[in-house]
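Let's walk through this structure together, one neighbourhood at a time. Keep the 3D view open and turn to each spot as it comes up.

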Amino acid sequence: MPKGWWGRLLWIDLSRREAKPVEYPGEWAIDYLGGRGLAARILWEHLEPGVDPLSPRNLLIMAVGPLTGLPLPSSGKMVVAAKSPLTGGYGDGNVGSWASVHMRRAGWDALVFSGAAEKPTVVVVEDDKVSFEDADDLWGLDTWETERKLREKYGRNAGIVEIGPAGENLVKFATVISQEGRSGGRPGMGAVMGSKKLKAVVIKGSKEVPLHDPKRVRSEGAKAYIDVKKAKAYDFWMRQGTMMTIDWAQEASVLPTYNFTEGVFDGFKGIDGYRMEKMKIDQRGCPFCNMTCGNVIRDAEGAPSELDYENVAMLGSNLGIDDLGKVGVLNRLADKLGLDTISVGSVMGWATEASQKGLLDGVKLEWGDYEAYKNLMTDIAYRRGELGSLLAEGVKGACTAKGGCDFAIHVKGLEVSAYDCHAAPGMALAYATSPIGAHHKDAWVISWEVATDRFAYTREKAAKVIELQRIRGGLFESFVACRLPWVEVGLSLDYYPKILTAATGVSYDWDKLYAVADRIYALIRAFWIRELNGWSRDLDMPPAKWFKQPLSKGPLAGAKLDLDKFNQLLDYYYELRGWDKRGVPKKETLEKLGLGFVTGTLEKIVGLN
């Protein structure tokens, strides 16, 4: 095993309350890096095909990468992955948390949880020591109270991740929470924790990560920190962070409004970054970050709420709420309950439209009804009542039961994050081909698209989506480090292969790194095919509303996606990836990427070209 990795997984059997170290091959580290790549390889190798995601047989993986916890900008990230209860395919998310740093220092590249505890449990990892603590007194508590109690017991510097009532009640878009606002795992990673009766994980590490050239790692990291603070965009970023996107999205007609019916919102100034600046009381970030993105306001109930663009757009304009204080309450409530803010904003938006179309008997929701949404969010987290239980299944599950799938905004079952794509075919492609379902983190192509030829359906646009997927979804999710220093203030990407090579002693250039990313995407696609026992290119299509119901407001009124042209764009994407017209990786592509071990399975299920 090269330096830079420990070469060890901690396999934690919750059913037996046993834990053991497991070594993994050094080639896995080199070929998949860590984080998402390592998680995908573990799931392919060790997950029994076709398991129920909420059964004890599913595996929950918390994985770090070779850059996690090193002294470089925004390296305090970990990936949480499993077979998704929301989509039935591969699911993951990253969480900024001291738990990631402590996992590295404890001597583990990943924690793998199998089985299910008989009763609520907290797993405590202190270097090589593992204990299983009863959590009956924590079960039912919200995430903030849970973490507060655990910090009282294990120390303020411990790394802690936990679930709230939404995860306990198996809401299919429940997330994993840390540090009162760090949230990850949109495709239901919190529900997988809940199904295993795993309330929280506490990690404390004291070891020194083995590095090939620690002096160069420190030197390059120090220069990167300086470059971040010298960037022209830094000062405004520190004022508004991702909240600057509200004004940009309004101007570009991509701000999700009324369940993605429109791309502009009349009340956008009531929720934008300038409004946030007037209400701001604090700023929070992940470990090792010097460009903190978490802007904290005092919300309409007088409590602190950590905001960013995605949660404000989905709980604000998407629901017709133009009061940032009220949006802050909904956001804080979601974080405390352990609900994904994007998905809960989407399901409540769908429910509002469905109620107005008469699909929900006895339910009448109106846009902007803050009190109704606040109550409904709690109902969802506890699966209270018919509507709460229905929406806890996500928009795909809800529309399958009640109708209204033409305005259910999802891909593969995962609700779309906060960019309307009536007039953005490239971003629609990014959503359509994201490896976890509709999420922006893999390829935020929309700013490039709006600045170029936004209405084009070209091979160049498909290539740009793949380029960004390689960097953002393939590499940053596997390093594991935050992409925002590069995306938002222009930190040079060249730092990453230099630091990776210094940390590991393995020579990485961009060709080698892109091959790693392509390998991860192809493996995840193979996992989807295996778990769904088939494949159709319909699974790579954006929401029907963007094709059928044009925008009616703003400068782009009348705009909608063109189905024939989008299919051509998707063909370009498949061709450039070396996948066939169904979206299945070709046999030669798999073998070229070193994925020959998946070809036999895929051949039996779908046949390979």
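This is a predicted model: local features need pLDDT of at least 70, side-chain atom pairs count only at pLDDT 80 or more; totals for chains, interfaces and linings use all residues.

What does Cys399 join to? A disulfide links Cys399 to Cys405, with an S to S distance of 2.0 Å. If you look along the S-S bond, the angle about it is 95°, and the link of Cys399 and Cys405 is right-handed.

How many disulfides are there in the count? The count comes to one disulfide, so it is worth looking at what other cysteines do, given that a disulfide needs sulfur atoms within 2.5 Å. Cys286 is in no disulfide, and the nearest cysteine sulfur, that of Cys293, is 6.0 Å away. Cys286 is also buried, with a relative accessible area of 15%. Then there is Cys421, whose closest cysteine sulfur is the one in Cys399; the distance is 19 Å, which is too far for a bond. Cys421 counts as buried too, at 0% relative accessibility.

Cys399 also leads us on to a tryptophan. Leaving aside neighbours within four places in sequence, Trp350 is in contact with Cys399, and its other contacts include Asn259, Leu360, Leu390, Leu391, Val395 and Phe407. Lys402, Gly403 and Gly404 are also among the residues that Trp350 contacts.

Strand β7 covers residues 121–126 and strand β8 covers residues 129–134; the two pair in the antiparallel sense over six bridges. Along this pairing, Val125 stands opposite Val130 in β8, and Val123 stands opposite Phe132. Between the strands of the hairpin there are two residues, and Asp127 takes a positive phi near 55° there. β7 also pairs with strand β12 (residues 198–204), in the parallel sense and over six bridges. In β12, Ile203 is the bridge partner of Val125. Is β7 enclosed or open to the outside? Five of its six residues are buried, so β7 is largely enclosed by the rest of the structure.

Now for the aromatic rings. Across the whole structure, a search finds 22 aromatic pairs. One of them brings together Phe476 and Tyr496 in an edge-to-face arrangement, 4.9 Å centre to centre and with 75° between the planes. Phe476 belongs to helix α19 (residues 459–479) and Tyr496 to helix α21 (residues 495–504), so this pair ties together parts that are 20 residues apart in sequence. Both partners are shielded: Phe476 is buried, with a relative accessible area of 2%, and Tyr496 counts as buried at 2% relative accessibility.

Tyr496 has another partner to look at. Phe479 and Tyr496 form a stacked pair, 5.8 Å centre to centre with 5° between the planes. Phe479 lies in helix α19 and Tyr496 in helix α21, so here the pair ties together parts that are 17 residues apart in sequence. Phe479 is buried, and so is Tyr496. Elsewhere, Trp248, Tyr309, Tyr419 and Trp444 form one aromatic cluster.

Which ring does Arg8 lie over? Arg8 lies over the face of Trp108, at 3.8 Å from the ring centre. For Lys512, the charged end sits over the ring of Tyr508, 5.0 Å from its centre.

Technical notes. Residues are numbered from 1 along each chain as its sequence is written. Side-chain values use heavy atoms; hydrogens and water are left out. Contact means heavy atoms within 4.5 Å. Two strands pair if DSSP finds at least two bridges between them. Helices (H or I, at least four residues) and strands (E, at least two) are DSSP runs, numbered from the N terminus. Buried means under 20% relative accessible area, exposed over 50%, partly exposed in between (1.4 Å probe, protein chains only). Rings of Phe, Tyr and Trp (its six-membered ring) pair if their centres lie within 6.5 Å; planes under 30 degrees apart count as stacked, over 60 as edge-to-face and the rest as tilted. A charge sits over a ring if NZ of Lys or CZ of Arg is within 6 Å of the ring centre and within 35 degrees of the ring normal.
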